[in-house]
Amino acid sequence: MEPDIYAIVGEEGFARLTRAFYAQVPGDEILGPMYPAGGLADAEQRLRDFLIGRFGGPPRYIEQRGHPRLRMRHMPFPIDRRARDRWMQLMTKAVEEAALPQEVGAFLLRFFSGTATFMINRP
Ligand code: HEM
């Protein structure tokens, strides 16, 4: 059973997390070029809404984007072990900066780690 993270951190907790993550993306030499230049506000909203729905909040992501099918949606991006590790590095920093309750941060990082490994689609 996972904790009801949305009930604990609310919209604002997920907003802080995704803001802190995407603030680092443009300056990153591996991830920066993968994301749409100038389109980061939309990307930030997609990740935020996805996480909110996934962790107990309103299902806005599914209403707007349909079934997540994340692995399929990530196929256009060259995600090797190095890109996966970099994504996790940025997300780990974002979890720290968002100052989420310790057990929530730890739970989310385990979820992110498994999901990020699942996204690897290049040797
Ligand atoms: C493993 C490293 C990863 C890389 C390099 C990566 C990269 C990207 C890129 C370039 C996009 C397109 C940005 C946009 O316009 O939305 C994207 C979208 C997205 N990513 Fe990732 N991602 C990674 C892992 C993850 C993980 C672990 C999750 C979930 C916890 C995730 C969730 C999403 C979501 C929800 C979208 C929006 C999909 C859509 O509706 O089109 N990503 N990702």
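Q: Where do Asp85 and Arg81 lie, and how far apart are they?
A: Both residues lie in helix α5, four residues apart, about one turn of the helix. Helices are DSSP runs (H or I, at least four residues) and strands are runs of E (at least two), numbered from the N terminus. This is a predicted model, in which local features need pLDDT of at least 70 and side-chain atom pairs count only at pLDDT 80 or more, while totals for chains, interfaces and linings use all residues. Residues are numbered from 1 along each chain as its sequence is written, and side-chain values use heavy atoms, with hydrogens and water left out.

Q: What makes the contact of Asp85 and Arg81 a salt bridge?
A: A salt bridge needs a side-chain nitrogen of Lys or Arg within 4 Å of a carboxyl oxygen of Asp or Glu. The side chains of Asp85 and Arg81 meet at 3.7 Å, N to O, so the pair falls within the 4 Å limit.

Q: Why are Asp85 and Arg81 called partly exposed?
A: Buried means under 20% relative accessible area, exposed means over 50%, and partly exposed is in between (1.4 Å probe, protein chains only). Asp85 has 33% relative accessibility and therefore counts as partly exposed. Arg81, at 46%, also counts as partly exposed.

Q: What makes Arg84 buried or exposed?
A: Arg84, found in helix α5, has a relative accessible area of 9% and so is buried. Leaving aside neighbours within four places in sequence, Arg84 is in contact (heavy atoms within 4.5 Å) with Ile79, Ser113, Ala116, Thr117 and Ile120.

Q: Why do Phe55 and Phe107 count as an aromatic pair, and of which kind?
A: Rings of Phe, Tyr and Trp (its six-membered ring) pair if their centres lie within 6.5 Å; planes under 30 degrees apart count as stacked, over 60 as edge-to-face and the rest as tilted. The structure holds nine such pairs. Phe55 and Phe107 are 6.4 Å apart, centre to centre, with 90° between the planes, and form an edge-to-face pair. Phe55 is in the loop between α2 (40-54) and α3 (60-65), and Phe107 is in helix α6 (residues 102-118), 52 residues apart.

Q: How do you know that Phe55 and Phe111 are edge-to-face?
A: The centres of Phe55 and Phe111 are 5.0 Å apart and the planes are at 90°. Phe111 lies in helix α6, so the pair ties together parts that are 56 residues apart in sequence. Phe55 is at 3% relative accessibility and therefore counts as buried; Phe111, at 17%, also counts as buried.

Q: What makes His74 a donor of the iron atom of the ligand?
A: Donors are N, O and S atoms within 2.8 Å of the metal (3.2 Å for Na, K and Ca); water is not among the atoms, so sites may look incomplete. NE2 of His74 is at 2.0 Å from the iron, and His74 is the only protein donor. His74 is found in helix α4 (residues 70-74).
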